[in-house]
Amino acid sequence: QIIFEVFGCFLLVYTHLNLIGKKKSESLSINALGVGLTLTACILMGETISNAILNPAISIGSSIIHYLAVFGSSFENIPLYTVSPVAGATFAFLLYWYSNNQEETKGKVK
């Protein structure tokens with residue numbers, strides 16, 4: 001579960017940064033379609049593994065509602081669903097930042 005949550009969020013954030021984060025392009029609808037297809041693929045792949053939450057707010061909200069409705073403890077998975085997406089997003093940003101800095105330094109050397 002942890003591996004998919006990290007990987008799914010990494011894939012989603014890295015796709016978003018590369019398609020929409022770089023420049024304002026004239027084909028913004030194609031870029032949005034790419035992000036939507038990536039999200040769809042992550043949900044379809046992770047639905048059976050970890051319910052494909054990919055968003056800490058959803059997991060915390062559903063845990064609170066479940067706790068209030070059932071009067072049970074449903075908070076045991078909150079660290080999994082909050083730390084994993086943050087870690088995946090951090091890895092995606094670091095890879096994006098590193099790859100863009102490499103491109104800029106190659107351009108300055110020539």
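How many helices and how many strands does the secondary structure of the chain come to? Then take helix α3: which residues does it cover, and what caps its N-terminal end?

Analyst: This is a predicted model, in which local features need pLDDT of at least 70 and side-chain atom pairs need pLDDT 80 or more, while totals for chains, interfaces and linings use all residues. Numbering runs from 1 along each chain as its sequence is written, and side-chain values use heavy atoms, with hydrogens and water left out.

The chain has 4 helices and 0 strands. These are DSSP runs numbered from the N terminus (helices: H or I, at least four residues; strands: E, at least two). The order along the sequence is α-α-α-α.

Of the chain's 110 residues, 27% are buried (buried: under 20% relative accessible area; exposed: over 50%; partly exposed: in between; 1.4 Å probe, protein chains only). The accessible surface of the chain is about 7,500 Å² (Shrake-Rupley method, 1.4 Å probe; for residues, only the protein chains shown count as cover). Carbon and sulfur atoms account for 70% of that surface. Now take contacts (heavy atoms within 4.5 Å). Among those between residues at least 6 apart in sequence, 66% join residues at least 24 apart.

Now to α3. It covers residues 56-70. The helix has 15 residues and reaches 21 Å from first C-alpha to last, close to the 21 Å expected at 1.5 Å a residue (expected span: 1.5 Å times one less than the number of residues).

Start just ahead of it. L54 sits in the loop between α2 (28-50) and α3. Its phi is near 60°, a positive value in a residue other than glycine. Most residues other than glycine have a negative phi. L54 counts as buried, because its relative accessibility is 11%.

N55 comes next and caps the N-terminal end of α3. One of its side-chain oxygens lies 3.2 Å from the backbone nitrogen of A57.

S63 is buried, because its relative accessible area is 10%. S63 and E76 are 13 residues apart in sequence, and their C-alpha atoms are 9.2 Å apart.

I64 also lies in α3. At 37% relative accessible area, I64 is partly exposed. An α-helix has 3.6 residues a turn, so residues three or four places apart point the same way.

T82 brings in another helix. T82 is placed in α4 (residues 78-109). T82 counts as buried, because its relative accessibility is 18%. Neighbours within four places aside, T82 is in contact with P56, S59 and I60.

For context, look at the start of the chain. Q1 is in the segment before α1 and is partly exposed, at 48% relative accessible area. Leaving out residues up to four places away, Q1 touches I49, S50, L80 and Y81. The C-alpha atoms of Q1 and N51 are 8.9 Å apart, although 50 residues separate the two along the chain.

N55 caps its N-terminal end, S63 is buried, and I64 is partly exposed.

How values were computed: A polar contact is a pair of N or O atoms within 3.5 Å; within protein, one must be able to donate a hydrogen and the other to accept it, and residues adjacent in sequence count only if both atoms are side-chain atoms.
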